[in-house]
Amino acid sequence: MPAAFPFSAIVAQDEMKLAILIAATDQSIGGVLVFGDRGTGKSTAIRALAALLPPMRVVENCAYNCDPEASEGTLCVSCRETKARGGHFKVRKAAVPVVDLPLGATEDRVIGALDLESALTRGEKRFEPGLLARAHRGFLYIDEANLLEDHLVDALLDVAASGENVVEREGLSVRHPARFVLVGSGNPEEGELRPQLLDRFGLSVEVTTPQDLKTRMQVVRLRDEFERDPAAFIEKHKRKDGKIRKQIEHAKEKLPDIEVPDATLEHASQLCMKLGTDGLRGELTLIRAARAYAALEGDMVVEDKHLMRVAPPALRHRLRRNVLDDAGSTTRVNRAVQELFGA
Amino acid sequence: MSSPAPAASGQASADAAAIAAEHAAQRAARWDDACLAAALFAVDPVGVGGISVRALPGPVRDIWLELLRDLLPPEEPFRRVPLHIADGRLLGGLDLAATLHAGRPVAERGLLAEADGGVLLLAMAERVARNTAAHLSAALDTGEVLVERDGITARTPTRFGVIALDEGANDEEQVPDTLKDRFAVLLDLNDLPYQAALPGDQDPAGIRAARARLPQVEVPEDMLQAICGTALALGVDSLRTSLFAQRIARAAAALAGREAVAMDDVSAAARLVLAPRATRIPMPEPDDAPSPEEPPPPEENQDDNPDNQSPEQDIDKPLEDVVLEAAQAAIPDNLLALLKMGAMRSRSRSHGKSGASQNGSLRGRPAGTRRGEPGAGARLAVIDTLRAAAPWQRLRRAEREQRSQAGTGGTAVLVEVRQDDFRVTRYKQRSETTTIFVVDASGSAALHRLAEAKGAVELLLADCYVRRDRVALIAFRGPGAELLLPPTRSLVRAKRSLAGLPGGGGTPLACGIDASVELADGVRRRGGTPVVVVLTDGRANVTRDGIGGRARATEDALASARAFRTAELKALVVDMSPRPRPDAEQLAREMGAVYLPLPHADARALSGAVQAVS
């Protein structure tokens, strides 16, 4: 696989980088959607994520990378059997998967299908896990998410909501855990995303091209340096990438101990009410994102400043669409934040 | 008395000759640039990414292509991608024959992988399917092909350059923007005469030398600044473009035998990469303007130059201005004319969508299988094929044993599949609806009508984009009709196009109806279902030829309406005048449309009515 551009060498686009770090810190936030112009480094940032993630503990020889410490409900069938027999898991460290969902992927590869090889050679009916199985406990990246075919979107939504992939096809009846963080990117000029899919993403980021010369030169210079000698470039940024990896690790450790005072909860609710977001998902994501952000910053208490920073990515895609209001949703969120916190 | 006249005509002919000479010089320059682009592509196909060549098929394009082929090393792959290539062939997938023979899945390499280290030629790029464009983009971005299909998972590294032949005849037919963004050079060879297409002055040896030199070529700081500054000044947003400009400059330096990028290389990059994408002209300074301000900047420039060698240093405002000026000075003179063209083009640019939904029955939700041979886009349903073959296995095995005893049998296979067993997947795709609003933008009610139509467009898009429907808008006023919003699904784009709608003038009703038939026909040919919504009071006063006169105009409108009827389109005529009169009703009758008087209609009522009809 060609080497990925290092995360720490990505210039500007702070909100996007923060959103990705938050999702890496707290996977329960539910994914990141990056929408914006072409050539703004959307895919680069997401592909760089894989190198940043600290390795995770998995059960040896498990096709689904089960977590040895997981409760029974989130284990795959074979691991559940082992546990029921009172057996011990052999544990190994594995990289957190960042799985690419290519645009032309067929349904059988995404959700899994009959293993052709064993069907043809041994006449055995065996399930061959698909991309969803591979993405379990990791990230599933959909480039050009808005161009994804509808039947694939439906399958994805169903699995993302239940955390379990149920396959009933070709005479197979299989279910396996599939909890993953959806990461999508796309260009809104080529079509919008279905609202159901939009709502699945915890955070949404709008990226625009930097308009100042210095930043642009920096981008071109770094990219060029990378392309001329990828290995040396990665080596050069190894330390900085390592630092970010440590930051994620620390934040993950601290996350359970971070306190969310009532006042902050109240402010979050007020903000959501003011914006009229549908359902409670907005508030929940807002609080979780603020907590992950506080953890990344090394703070132990979630305060208004954290809320303010994560409000736009957590809420902008949840506003009810007001077609006759020309103000973008980012402006609306910022306006509400300003009115509420008087910042 | 008689002398002035010949003198004047002599003057005129001299002018004409001068203009002709200038044109010829311009054409020669354009052809030279095209040749240069071919050479630079040959130097670094992967770095350049691609060239989009906009030209109708003809000798000029053939000469250019031949020139390019001559420059490329013959041992490198040069593969042609047909317009309707199946995803399987492009990406790779299951090799059916080998799979059946071997009894285990055998992967087949796709065109993208086969082109590794060479060039892909994309024919009729303006009609390329959206899937194909997306796969190409992904491969160009990541330098590998990722296959997840037919039970096969494979990652194949591949690096190639693309030559996209764009045969678009009008502004609506364009190479998809996703692809254009990944090509360094956009060429336009249209209306270059055959005589201008002279052989280029590059040879393969020069290319080889340049390739060897390329990795050592440095890009000095001030040159990079000129590139990025120019891009910014020209309103070229995508950073990929700046990156491409820098690579083109580097390739140009390598070709010229330089070790570092010089001003000539940067201006070549500006001409080839930046100019065709310019969205604005940097400060319309006339030719004589720079002279009074010229002296101070260079000094300032020199003063600050040491500072910007170190990237951490802040570039403050005045310096940025200086750089911008320097960048503008770097633009060659003939670029300005090019720029004006570029700016004009970008304003009316549509986001090339033609061909987006052509491959009708090959995509969508799988809906069962049928007997048939795979290929030509049909996808083999392996499981169903095996299922069809299963009951016959015993018989066929016995048959084979008999034959092998007779000495004519083949090798033993695990599952014997015959042609009859092949099943291919059927797909069901809902035909998408395109609602075409035809809005009367004339007279005093125009503003109100347009505003409500605009609201209805946005509501329809917002409410039913779950259904993946499209909306288009045609406005007619004054002398004719205008397509304000080509069929789109994007609310963002609709908002942008509808921001400033003009109103007022006469009512060329006939033109409006004609335009809607034309558009609806196009929609239908691409497999969609058009629904036409006409917003008018039915009182025409401009004829089809753009001449005033109520009687003729009404006659024309009714004739158009009858033509509309023969097209058998689903239609709705909404009469929004405060006191509905029979004109619109008659029009609706002639069109075979539903008539709906909606005085004081607002956007919401309108979108409700449209949804009820479609």
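**View 1. Helices H13 and H14 of chain A cross with a right-handed sense in this predicted model.** H13(A) covers residues 281-297, and H14(A) covers residues 304-315. The two helices pack at an angle of about 130 degrees. Their axes are 9 Å apart. That angle makes H13(A) oblique to H14(A). Two such numbers, the angle and the distance between the axes, describe a pair of packed helices.

**View 2. Residues of H13(A) meet residues of H14(A).** H13(A) contributes A:Gly282, A:Thr285, A:Leu286, A:Ala289, A:Ala290, A:Tyr293 and A:Ala294. From H14(A) come A:His306, A:Leu307, A:Arg309, A:Val310, A:Ala311, A:Ala314 and A:Leu315. Sorted by class, this contact has ten nonpolar, three polar and one charged residues.

**View 3. A:Ala12 has a positive phi.** The angle is about 55 degrees, although A:Ala12 is not a glycine. Most residues other than glycine have a negative phi. A:Ala12 sits in the segment before helix H1 (14-25) of chain A. A:Ala12 counts as partly exposed, because it has 18 C-beta neighbours inside 10 Å.

**View 4. A:Arg137 also has a positive phi without being a glycine.** Here phi is about 70 degrees. A:Arg137 lies in a loop of chain A, between helix H6 (131-134) and strand E7 (139-142). With 21 other C-beta atoms within 10 Å, A:Arg137 is buried. The cut-off for a buried residue is 20 or more.

**View 5. Chain A holds 15 helices and eleven strands.** Chain A has 343 residues, and buried residues make up 49% of them. Consider its contacts between residues at least 6 apart in sequence: 76% of these join residues at least 24 apart.

**View 6. Six strands of chain B form an open sheet.** Their order is E14-E13-E12-E15-E16-E17, and the pairing is mixed. The edge strands are E14 (480-488) and E17 (594-597) of chain B, each pairing on one side only. From one strand to the next, the twist averages 15 degrees.

**View 7. Strands E16 and E17 of chain B run parallel.** Four bridges join E16(B), residues 570-575, to E17(B). B:Asp575 stands opposite B:Pro597 in E17(B).

**View 8. Helix H23 of chain B packs on the sheet.** H23(B) spans residues 582-591. It touches strands E15 (529-536), E16 and E17 of chain B. The direction of H23(B) makes about 175 degrees with that of E16(B).

Technical notes: Residues numbered from 1 in each chain as written. Chains lettered and ligands numbered in written order. Predicted model: local features only at pLDDT ≥ 70, side-chain atom pairs only at ≥ 80, totals over all residues. Buried ≥ 20, exposed ≤ 12 C-beta atoms within 10 Å, placed from the backbone. Contact = placed C-beta atoms within 7 Å. Pairing = 2+ DSSP bridges. Axes fitted to C-alpha atoms, helices over the stretch in contact; angles between N-to-C directions. Parallel < 35°, antiparallel > 145°, perpendicular 65-115°, else oblique. Left-handed = near helix turned anticlockwise from the far one by under 90°. Nonpolar A, V, L, I, M, F, W, Y, C, P; charged D, E, K, R; others polar.
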